Amino acid sequence: MNLEGLLEGLPDLSPHDHSLVERAWQRAEQLHADQRRKSGEPYFTHCVAVARILAEIRLDAEAIAAGLLHDTLEDTGITREELEREFGRKVVSLVDGVSRLSNLPLTDAMQRRNDRDQHFLRKMMLAMGDDVRVVLVKLADRLHNMRTLGYMPPERQLHIARDTLDIFAPLASLLGIWQFKWELEDLSFRYLHPEEYRRIATSMNERRVDRELYLEEVSQRLREELAKYNLDKAIISGRPKHIYSIYSKMLRKELPFEQIYDIRALRVIVESTPECYLVLGIVHNLWRPIPVEFDDYIASPKDNFYQSLHTAVLDSGGKTLEVQIRTRDMHEHAEYGIAAHWRYKEGVRANDREYERRVSFLRRLMEFGPEEEDPEHFVSTMKSDVLKDRVYAFTPNGDICDLPAGATPIDFAYHIHTDIGHRCRGARVHGRLVSLDYMLQTGDQVEILTSRHGGPSLDWLNPNLGHVQTSRARSKIKQWFRRQDRDRHLATGRDVLERELRRLGLLDSMSFEFVAGLFEFEKSRVDDFLARIGAGDINSAQIAGRILETERQQEKESLIERMLESGELAAPARPATGQSTGAINIMGTGGLLVNLATCCNPMPGDGVVGFITRGRGVTVHREDCSNIRSVSERERIVEVSWGQHADEQRYAVPIEVTAWDREGLLRDISAVVADAGVNMSAVNVVTSRNIATLQLTIEIRSAGQLMRILTRLEAIRNVIEARRHKGH
C-alpha cells in the first residue's frame with residue numbers, strides 16, 4: 001500500500017490531520033529505510049500495516065500517525081524530544097507508551113518467575129494513562145505480527161501465540177473490539193494446535209456451499225416475514241463463525257464438530273431497540289425457539305458493554321439456527337468496541353458518557369495495580385479477575401454481583417461486604433446448601449450464612465482447596481490476619497509450618513531456619529517468617545512447592561557430586577540426539593521402549609535418570625532411587641528428561657494416609673480421589689490400636705495435582721496426615 005491508498009481510506013481527515021499522517025509516513029519510511037523483517041520485506045511495511053489496521057477500526061489521525069511511528073523510539077536513533085518537535089506531545093505520548101510495552105515476556109519466562117517479565121501486564125495496563133489508544137496501537141501491532149508469524153522460528157511461534165491467546169485476545173475482548181479478538185484467537189490457535197485447526201477448517205470448507213445455500217434460503221424467508229411488519233430496512237446476513245470459538249464450544253460441550261449447531265448463524269441489524277424485540281418475536285413465531293439458548297445482552301450487557309439478543313431456533317427441517325439481533329449502534333460497538341468512540345475529524349465525541357463509562361470501568365479494574373507489591377500476584381490477578389469470563393449471580397434481594405468465572409460463595413460474600421466475607425460460614429444456592437468451594441454459575445441466587453463473631457479461616461488462602469478465586473477476597477482475608485496480634489500470628493504460622501513439614505515427612509530433618517531461608521529470611525528473622533505465614537501472606541502450597549523444588553535440586557547436585565567423586569562422569573560424551581515418547585526424552589538412544597520404575601515411581605517434576613534393561617528398553621528411575629545408586633554398570637545409565645507431553649500422561653504414585661479409624665473412612669477417602677478425577681489402582685489398609693494406615697496407589701498427571709489431593713485428604717474428618725510414600 002502507498003500513502004495515497006492509506007489516505008483514501010480516511011476521507012474525513014481535516015487538512016491538518018491529512019498533513020500529520022503524511023509527515024508521519026515520510027518520517028517513519030526514512031527512519032526504517034535500512035531495516036528488514038524476518039520475511040525479507042522492508043520493515044516499514046509493518047508500520048504501514050499497523051496504521052491500516054487502526055484506520056479500519058476508525059481511529060483518529062493522531063493514533064494512525066502513532067501507528068506509523070510506533071517503533072521509531074525503540075529501533076531507530078531518533079529521540080523523544082526530536083519526535084515531539086515534529087509531531088506534537090500527544091502523538092509522542094502514544095509512541096512512547098507503545099515503546100514501553102515492547103519487551104513482552106515469553107510464556108516460559110513467566111513460568112521461571114522472572115520479576116522483570118512479571119511486570120509486563122502491569123506496564124501494559126498502566127501505560128494507557130489517560131489514553132486508551134496506547135493499548136489499541138499495541139493490539140494492532142500484535143495483530144500484524146501474528147499475521148506474519150510464519151516467518152519466525154517454531155519455538156518463537158509457540159511462545160508468541162501462547163501470550164497472544166492468554167493476554168492479547170482477552171484484552172481485545174475487554175475493550176470490546178470483536179474484530180481483533182476473533183482474529184487473534186484464530187491465528188494463535190493455528191500455531192498452538194495446528195492439527196485441530198486444519199481439521200475444523202477443512203470440515204467448514206467442505207460444508208461451506210451447503211451452509212451458504214441454507215443461509216440464503218432462511219434469510220429470504222425471514223426477510224419476507226419482516227416486510228409484513230414494515231421492517232424492510234433490516235439488514236440480514238450470515239454471521240461468520242470462527243475456528244477457535246468452534247473449538248472452544250466443542251471442548252466445553254464435549255461435542256463433535258458435526259453437532260456444533262451455530263455454524264449456521266444469522267445476524268439481523270435494525271434501527272432501534274424496540275425493533276430488536278419485535279424481530280425476536282417474529283423469529284420465535286417463524287421457528288421453534290430453544291429456551292436454554294436465549295440470552296438478552298441488551299437488558300443485561302456483558303462486562304465489556306456488548307449488547308445484542310442471542311437466540312437459537314429449530315427450523316421446519318429440524319436444523320438448528322442461531323440468530324443475533326442488534327441495532328446499528330450496538331453492531332458498531334460490538335465490532336469496534338471502545339475504538340468506536342473516535343471520529344477522524346472530531347476525535348472523541350464531546351460529552352461522550354458511554355466512552356467515559358467504559359474508561360471508568362477499566363480504571364476500576366486496575367485500581368489495585370499500583371498498590372500491588374507482588375508482580376506475580378498482579379499478573380495472576382489480572383488473568384483471573386480481568387481477562388477471564390464472568391458470571392452473574394444474584395442476592396436474595398435480586399441485586400446482581402458481577403464476578404469472574406470460577407468464583408465461590410466466599411468471593412460472593414466479600415463482593416457484597418467485607419464484614420459479610422469475614423463472618424461467612426456457609427451458603428445456600430437456590431435454597432440448597434452448597435460447599436464453600438462451589439463454583440457459582442450465572443443465574444445462581446446466593447444466600448450467605450454468617451456467624452455473629454469470628455473471622456476467616458487461613459485455609460481459605462490455600463489455592464489447593466479452591467475456596468477463594470478473586471483478588472478482592474484474598475486481599476481482605478490477608479488484611480484481617482494482619483490486624484491480629486503478632487503472638488497469634490506466630491502460633492498459627494508455627495502450626496502451619498509444622499503441619500506441612502510433617503506431611504512431607506521432613507519435620508525431624510528440616511529446620512524452620514532452613515525453610516525461612518528458602519523465602520530469603522535470615523536466621524534472625526524466623527519469627528517474622530512465621531508471622532507472615534500466620535497472617536496469610538505465605539500459604540502452605542507455597543511452602544510445599546518451595547521445599548519440593550529445593551529437594552529436587554539438592555538430590556540432583558548430590559548425584560552429580562557422587563558421580564564426579566567416583567569418576568563416573570569421565571565416560572565419553574554421548575551424541576546430542578534423542579528419542580521422545582512424548583512423555584520422556586531419551587538422550588543418545590533411539591527406538592527403545594520406555595518403562596517407569598515401580599521401585600521409586602517417578603513422576604513429572606522429579607529428577608530422573610534412565611537405565612538400559614536388557615530386553616525391556618529403558619527403565620526410568622528417580623535420581624535418588626537406591627536401586628540406581630547401587631548400580632555397578634554405570635555405562636548402562638542414560639540421560640532422560642520429562643518431555644513436552646509428560647503432563648498428559650498418568651503416573652502411578654503411592655501415598656500413605658494415617659487416620660483415626662472410623663466407619664466410612666475409606667469411602668470418604670475414595671470419594672476425594674474420585675472427585676479429583678484420579679484413578680485409585682490399589683489400596684491396602686492396616687489397623688492397629690484404633691489407628692488406620694492406608695497405602696494407596698493413585699494415577700496422577702503432575703506433582704501439583706498430587707499436592708492438591710494430599711491437601712484435600714488431610715481435610716477429611718479423623719485424618720491425621722497424608723503424604724507421598726517414597727519407597728526406596
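Predicted model: local features only at pLDDT ≥ 70, side-chain atom pairs only at ≥ 80, totals over all residues.

Me: Let's do salt bridges. How many are there?

Reply: The count comes to 20 salt bridges. One of them joins Glu-86 and Arg-27, with the closest N and O atoms 3.0 Å apart.

Me: Ok, and where do Glu-86 and Arg-27 lie?

Reply: Glu-86 is in helix α6 (residues 80-87) and Arg-27 is in helix α2 (residues 15-31), so this pair ties together parts that are 59 residues apart in sequence.

Me: Are those two buried or exposed?

Reply: They fall into separate classes. Glu-86 has a relative accessible area of 30%, so it counts as partly exposed. Arg-27 is at 18%, which makes it buried, because the cut-off for buried is under 20%.

Me: What does Arg-133 form a salt bridge with?

Reply: Its partner is Asp-60, and the closest N and O atoms in that pair are 2.6 Å apart. Arg-133 sits in helix α11 (residues 133-147), while Asp-60 is in the loop between α3 (44-56) and α4 (61-69), so the bridge ties together parts 73 residues apart in sequence.

Me: And is that pair buried or exposed?

Reply: Buried, both Arg-133 and Asp-60.

Me: Which residues are linked with them in a network?

Reply: Glu-62 is: a network of salt bridges links Asp-60, Glu-62 and Arg-133.

Me: What about Glu-225, which side chain does it meet?

Reply: Lys-228, in a salt bridge of 3.3 Å from N to O. Glu-225 is buried, with 10% relative accessibility, whereas Lys-228 is exposed at 60%.

Me: Switching topic. How many cavities does a search of the whole structure find?

Reply: It finds 2 cavities of 30 Å³ or more.

Me: Which residues line the largest one?

Reply: The lining is made up of Leu-458, Asp-459, Asn-462, Val-496, Arg-499, Ile-533, Ile-538, Asn-539 and Ser-540.

Me: Now the outside. Which residues form a nonpolar patch on the surface?

Reply: Leu-666, Val-683 and Val-685 do, and together they have about 210 Å² of accessible area.

Me: Where is Val-685 found, and how exposed is it?

Reply: Val-685 belongs to strand β22 (residues 679-688). Its relative accessibility is 40%, so it counts as partly exposed. Patches are made of residues with over 30% relative accessible area, so Val-685 at 40% clears that cut-off.

Me: Last one: where does Leu-507 lie?

Reply: In the loop between α24 (486-503) and α25 (512-518). Leu-507 is partly exposed, at 31% relative accessibility.

Me: And how far is Leu-507 from Leu-497?

Reply: Their C-alpha atoms are separated by 9.1 Å, and the two residues are 10 apart along the chain.

Key: Residues numbered from 1 in each chain as written. Heavy atoms only, no water. Patch = residues over 30% accessible without salt bridge, like charges linked within 9 Å, V, L, I, M, F, W, Y side chains within 5 Å. Areas by Shrake-Rupley, 256 points an atom, 1.4 Å probe, with all protein chains shown as cover. Salt bridge = Lys/Arg side-chain N within 4 Å of Asp/Glu carboxyl O. Helix = DSSP H or I, 4+ residues; strand = E, 2+ residues; numbered from the N terminus. Buried < 20%, exposed > 50% of the residue type's maximum accessible area, 1.4 Å probe, protein only. 1 Å grid on protein atoms, 1.4 Å probe; cavity = no way out; pocket = protein on both sides within 12 Å on 5 of 7 lines; lining within 4 Å. Points joined across faces, edges and corners; volume = space filled by probe spheres on them.
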